Amino acid sequence: MDIAKEYQENEKLIASLDSMYGSGSAKYMIQMSVTDGKERRAFEEAESMHSYYSENKEKIKKGMNEFFILVSAELEDASSRKYHEVLQEIWDYYEANLLDKFPYIGGDEVSGTRNLTGAYYFVAMGEVLKKYGLSLEESGHLMVLVYERYYLKMPGLIRTLMGKIYRNPKILNKMLLKKDAKNAANAVKNPGSFETQTQIPPEEGYDFSYHNLVCPLSIFAKKYGYEEYMPYLCNLDYVMFGVLGAPLYREHTCFEDGDFCDFKLKNDATPLPYWPPVFSQDNPYK
């Protein structure tokens, strides 16, 4: 047997299959041909969407509309299409490229699921708007407008109340310690989900601080090539806290530093401006 010739023929076959059916199709077909019964079903299941996401598609799509309807005029201007058309295009990208890859991190039982699915609405938007000529920074500005308008929709009384809570370390510590315990228990069942650690006493110079030790958003971005969006997604924390009047400061991120994301609050400070993005301003914050 001429091994070199056989190898060349196999390479041609793989290239041909990938050309006809898409990159990676040869690998898939080969794996399917050498597995059977239980092994084959396990491989197919590993490659498919988790049942939580397939069963909740409509709810997730509804959530996308609740965000993007707030910038419907801007989306129409950017794409020269009707809002419902560009929204469908964004959803199509989201469903085809993101939804089937999301890890299961606890479903409706944990708020982190909404953080993951909601953050990647913006990634899908950015990817679609690229073809209409929008830069990443322009999409980043639309992200800020969505978050700003979303929180400004809240009744003023509720915003005021939330702002007071964020300026009350005693209440925050009590709330976040419970969240730490819940996240730790969830992470045992669903590795890779959010894990947090409230800092008591807080870091020096701050009235409250807690660390996010594991961030599924960052893990997903690095795994699937969406790293460029992470600084803009992190900037949305400044939008939320800023609208609520809570001065947030962050010097570490899981994405950039690989250790943790720190959330620190100063009661006697003024919230940082969130546009241009905090990471692009002349300060040490991210």
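Me: How far from the ring centre of Y249 does K266 lie?
Reply: The model is predicted: local features need pLDDT of at least 70, side-chain atom pairs count only at pLDDT 80 or more, and totals for chains, interfaces and linings use all residues. Residues are numbered from 1 along each chain as its sequence is written, and side-chain values use heavy atoms, leaving out hydrogens and water. A charge sits over a ring if NZ of Lys or CZ of Arg is within 6 Å of the ring centre and within 35 degrees of the ring normal. K266 lies over the face of Y249, and its distance from the ring centre is 5.1 Å.

Me: Over which ring does the charged end of R250 sit?
Reply: The charged end of R250 is 5.1 Å from the centre of a ring. That ring belongs to F263.

Me: Is Y249 buried or exposed?
Reply: Buried means under 20% relative accessible area, exposed over 50%, partly exposed in between (1.4 Å probe, protein chains only). Y249 has a relative accessibility of 7%, so Y249 counts as buried.

Me: At what angle do the ring planes of Y249 and Y285 stand?
Reply: The structure holds 27 aromatic pairs (Phe, Tyr or six-membered Trp rings with centres within 6.5 Å; planes under 30 degrees apart are stacked, over 60 edge-to-face, the rest tilted). The ring centres of Y249 and Y285 are 5.0 Å apart, and the pair is edge-to-face because the planes stand at 65 degrees.

Me: How many residues apart in sequence are the parts that this pair ties together?
Reply: Y249 lies in strand β3, while Y285 is in the segment after β4 (261-265). Strands (E, at least two residues) and helices (H or I, at least four) are DSSP runs, numbered from the N terminus. The pair therefore ties together parts whose separation in sequence is 36 residues.

Me: Which strands are at the edges of the sheet?
Reply: Four strands form an open, antiparallel sheet in the order β1-β2-β4-β3; two strands pair if DSSP finds at least two bridges between them. β1 and β2 are joined by four bridges. The edge strands each pair on one side only, and they are β1 (195-198) and β3 (248-249).

Me: Which residue of β2 stands opposite T198?
Reply: Strand β2 covers residues 208-214 and runs antiparallel to β1. The residue of β2 opposite T198 is Y210.

Me: Which residue follows α12?
Reply: Helix α12 spans residues 216-224, and its buried residues include L217 and F220. The residue after α12 has a positive phi, near 80 degrees, and is G225.
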